[in-house]
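Take a look at the model below. We will walk through it one part at a time.

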Amino acid sequence: MSEPFLQIIDVSKRFDNVVALDKVNLKIAKSEIFSLLGSSGCGKSTLLRIIAGFEKPDEGRILLEGKDITKLPPYVRPLNIMFQNYALFPHLNVTNNIQFGLKEEKISKEEINHRVNEILNLLELNGLEKRKINEISGGQQQRVALARCLVKKPKLLLLDEPLAALDKQLRVQTQFELVNLQYKLGITFIIVTHDQEEAMSLSDRMAIMKNGEILQVGNPVEIYEKPKDKYIANFIGTANIFNVLNKNNQIIIKELNYEVKNINNKENYVKCLIRPEKISVKKLENQSDNLNIGVVKEVAYLGSYTKYLIEVNGFEFYSFMQNSLVSDNLQIRWDDKVQISFNETSIYFFND
Amino acid sequence: MIKNFKKQNVWFVFTPYLWLVLFFFVPLALIFKISISVSEWGMPPYRDLFSLSENGLEINSTLGNYLFIFSDPFYIRSYLNSLSLAFTSTVLCLLIGYPIAFYVAKSKPSIRNILLIMLIIPFWSSFLLRVYAWKVLLQGSGIINSVLIHIGLITEPISMLHNHYAVILGVVYTYLPFMILPLYGYLVKFDLNLIDASNDLGAKPLNTFVKVILPLSLPGIVAGSMLVFIPVVGEYIIPEMLGGSDKLYFGKIIWDEFFVNRDWPIASALAMSGIVILVFPIIIFQLMYAKYNFRNE
């Protein structure tokens, strides 16, 4: 990364001796969609509020385009935030909500009207100009909240759980709209979310946070395929984590009693991860082969794919099979014996 | 069953109206009746509206009482004094009460309840006692004068009692909670994110207050101001105890007409005029405000 657009340096924050952020460092590039992902209480919202300027960090600095903005009050920072509950002004109509921020700048009336109309068109809010906030739907409110920020042409847009208040169907549609909008405008987005699917589908890069610390930063593929530790592996998607034994230069997956042969790096890893969709199961036909045999404990048919809970030697793990490929597999029932297979390249080794 | 239930419902709805009729409209009608009666020496000190005599039914009604009070600037001045007292103390209550209500509403819930109780506790003692306490504090040999003399700021006690400043002080002190509580009621529901949002959109704290906080707490301001303004116009006890002869207030005039001059018709006419002058602007204001609110909601 060249010159980082936003740089967070050693930022710490405590509330009444509870550590909310502990020496957080982040570099965010221009025009990327960056997600802060973590369960509630991990400090992601505090970090967002510090970037917005609502909270002052106890230690550390925030640089925007190389300029220290740590001590600037929120009303002079060239960035905007979209709140989880949208925080639209209930006493103003749609237009007045959108032009609220422009009226604080020294802009001519014509310019304000021009920019408001531009953003009304962009977010398809025409016809709602005179409506009160409680007279429009949740999805429309979300777009008004977005419009109110974007009309200011911020360098950086912060989004706090942008889709949490929408129902499931609208959420998926809005996800794509957000990404398209960002691509069109080129504004850097920082999104706070607890929803890993949302983070995966929206972000260029994401940071996983826990207890006020950043555990891992990377693009969705890196985070999913190469999680740094067990917590991240379990937090993003479903994880099958096995113990690894290193005996006489043999690498063995303990629970499966399986020797990994094609491995170059024979470091002392203690754990490995195999994602469920990388494990395939097949109904056992010839009883002779007793290698890699498991028993099906649960079957969940989910339309596009089926989830199987498999037990081997008292250890349980998941296998997800695409239903397009495996019409035979639809015959697999509880307590059936199945043959397990996976490609050795899809094993990811790590230290706990 | 359903029929019975409906019957009960009807009574349930009518009880407040019954209350209103019995304890508001009937007394008001009586006062109105007295206000158009002719004054007379006796008990009660007015002539019956209708009487039977050898000439048949006689109606002894007059608008003279009203004509009399509106022709005498003394009454009008006292009413204006009361209006100005009510206005001044409402503004002062608002200026003092708003920051308090805001602070209480924005405190942590645990502290908030303690603060609210502290606001309400003075109500547990008698209103008369609380006003009398001010008399003790302000008088020539009172605590404030003693302290000021003791630390050498003054040599002679200042006369703080028995003027209209003392009345304003007493009224503001007494009516402050009536301003704070409705304001608190609105401010406690206020979404703090709106303040952050306004700041984030570039509004400095003062603009945020004027453009966001103030308009959204307007219903609380209106409610609190009404609760202070209306009773203060007719306030009698505080001017009587803390006031002097520099300004006469409306409540005191009505009292004097009733109990000193024993001119019930004049006193009633004064009371009726006071109500009408006060009520009509308030009704008009309420209608306008309801319209405004309707447009805004």
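Start with two helices of chain A. Helix α2 covers residues 94-103, and helix α3 covers residues 109-122. In this predicted model, the two pack at an angle of about 130°. Their axes lie 10 Å apart.

Which residues of α2(A) meet α3(A)? They are Thr95(A), Ile98(A), Gln99(A), Leu102(A) and Lys103(A). On the α3(A) side, the partners are Ile112(A), Arg115(A), Val116(A) and Ile119(A). The residues of this contact divide into five nonpolar, two polar and two charged.

Next, find the open sheet in chain A. It has four strands, in the order β2-β1-β4-β5. Their pairing is antiparallel. Why do β2 and β5 of chain A each have a side without a neighbour in the sheet? Strands β2 (18-28) and β5 (67-68) stand at the edges, and each has a single partner strand, so one side of each is left without a neighbour.

Further in, strand β1 of chain A (residues 6-15) runs antiparallel to strand β4 of chain A (residues 59-64). Five bridges join them. Within this pair, Leu6(A) stands opposite Leu64(A) of β4(A). A helix also packs on the sheet: α1 of chain A, residues 44-52. Helix α1(A) touches β1, β2 and β4 of chain A. The direction of α1(A) makes about 65° with that of β2(A).

Step back to the whole of chain A. It has eight helices and 20 strands. Its C-alpha trace spans about 85 × 45 × 40 Å along the principal axes. Of its 352 residues, 36% count as buried. Now take the contacts in chain A between residues at least 6 apart in sequence. Of these, 65% join residues at least 24 apart.

Finally, turn to where the two chains touch. Here 17 residues of chain B are in contact with 18 residues of chain A. On the chain B side, α8 (192-200) and α9 (205-216) each supply at least two residues. Which element gives the largest share of that side? Helix α8(B) does, with six residues. The chain B side divides into seven nonpolar, five polar and five charged residues.

Technical notes
Residues numbered from 1 in each chain as written. Chains lettered and ligands numbered in written order. Predicted model: local features only at pLDDT ≥ 70, side-chain atom pairs only at ≥ 80, totals over all residues. Pairing = 2+ DSSP bridges. Contact = placed C-beta atoms within 7 Å. Axes fitted to C-alpha atoms, helices over the stretch in contact; angles between N-to-C directions. Buried ≥ 20, exposed ≤ 12 C-beta atoms within 10 Å, placed from the backbone. Nonpolar A, V, L, I, M, F, W, Y, C, P; charged D, E, K, R; others polar.
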